[in-house]
Amino acid sequence: MVKFAVICANNMNRSMEAHYQLKKHGYNIRSYGTGNQVRLPGPKASQPNTYNFGTPYDKIYNELKAQDRMLYTRNGLLGMLDRNRTVKQAPQQFQKETATYDVIFTCEERVFDAVCEELLNRSGMQSKPVHVVNIETEDNHKEALIGAQTIVELARLVVESRDLERDMDGIVEDVQNRMPHKLLYTVAFY
């Protein structure tokens, strides 16, 4: 079975929407963030809510609900966290992960760069290829859903491939031509 990972900055919105959708379709999926901490909107732009990776979604949900239920319901954070806690326990940081994947999807170029840098720093000692595809997705609820649909389509084509090494360029090109997102693609090594 193909092993997938999906990564955004905080492992909250874009990666978790894709994780949720891929899980519904029965794919072998994990999700991560690449930031130093999880950052969520606060009562003011200058006052974000920050959490360490590993803080349970349920705890974050309850804290934000107690802080300002109306605000965090209106801006969609409580709904997002409610979805997240049905998918997995807590946000995870990619840099601390030791598992290997066949395909990694990222949700913005700076995350793609961080993932590629992390893989490069791991030195490729296993000589195991990993296909890294960026699906440029704005960090809002609507775009996260659209981005997740693109990721599901990519995953479907990857799973259908009989020779991923040969087919991956064509899969990315095909999806790029049919879907609304700018894609970046590279092969890295574990």
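Asn-11 counts as buried, at 0% relative accessibility, where buried denotes under 20% relative accessible area, exposed over 50% and partly exposed the range in between (1.4 Å probe, protein chains only). This residue is located in the loop between strand S1 (3–8) and helix H1, and has a positive phi of about 55° although it is not a glycine. The model is predicted, so that local features need pLDDT of at least 70 and side-chain atom pairs count only at pLDDT 80 or more, whereas totals for chains, interfaces and linings use all residues. Residues are numbered from 1 along each chain as its sequence is written, and side-chain values use heavy atoms, with hydrogens and water left out. Helices (H or I, at least four residues) and strands (E, at least two) are DSSP runs numbered from the N terminus.

A positive phi, near 55°, is also found for Ser-127, a residue other than glycine. Ser-127 lies in the loop between helix H4 (109–121) and strand S6 (129–135), and is exposed, with a relative accessible area of 55%.

Asn-52 occupies the loop between strand S4 (49–51) and helix H2 and is partly exposed, its relative accessible area being 49%. Its side chain makes a polar contact with the side chain of Gln-37 (3.3 Å); such a contact is a pair of N or O atoms within 3.5 Å, of which, within protein, one must be able to donate a hydrogen and the other to accept it, and residues adjacent in sequence count only if both atoms are side-chain atoms. Asn-52 and Ala-90 are separated by 38 residues in sequence and by 9.8 Å in space, C-alpha to C-alpha.

In helix H3 (residues 77–87), the buried residues are Leu-77, Leu-78, Met-80, Leu-81, Arg-83, Asn-84 and Val-87. Their cover includes helix H1 (14–24), strand S3 (38–40), helix H2 (57–74) and H5.

Helix H5 (residues 141–160) packs with helix H6 (residues 164–178) at an angle of about 150°, the axes being 10 Å apart. H5 is therefore roughly antiparallel to H6, a description applied to angles over 145 degrees. The contact (heavy atoms within 4.5 Å) is made by Thr-150, Glu-153, Leu-154, Leu-157 and Val-158 of H5 and by Leu-164, Met-168, Ile-171, Val-172, Asp-174, Val-175 and Arg-178 of H6. By residue class, the contact of H5 with H6 comprises eight nonpolar, one polar and three charged residues; Ala, Val, Leu, Ile, Met, Phe, Trp, Tyr, Cys and Pro count as nonpolar, Asp, Glu, Lys and Arg as charged, and the others, Gly among them, as polar.

Note on methods. Axes fitted to C-alpha atoms, helices over the stretch in contact; angles between N-to-C directions. Parallel < 35°, antiparallel > 145°, perpendicular 65-115°, else oblique.
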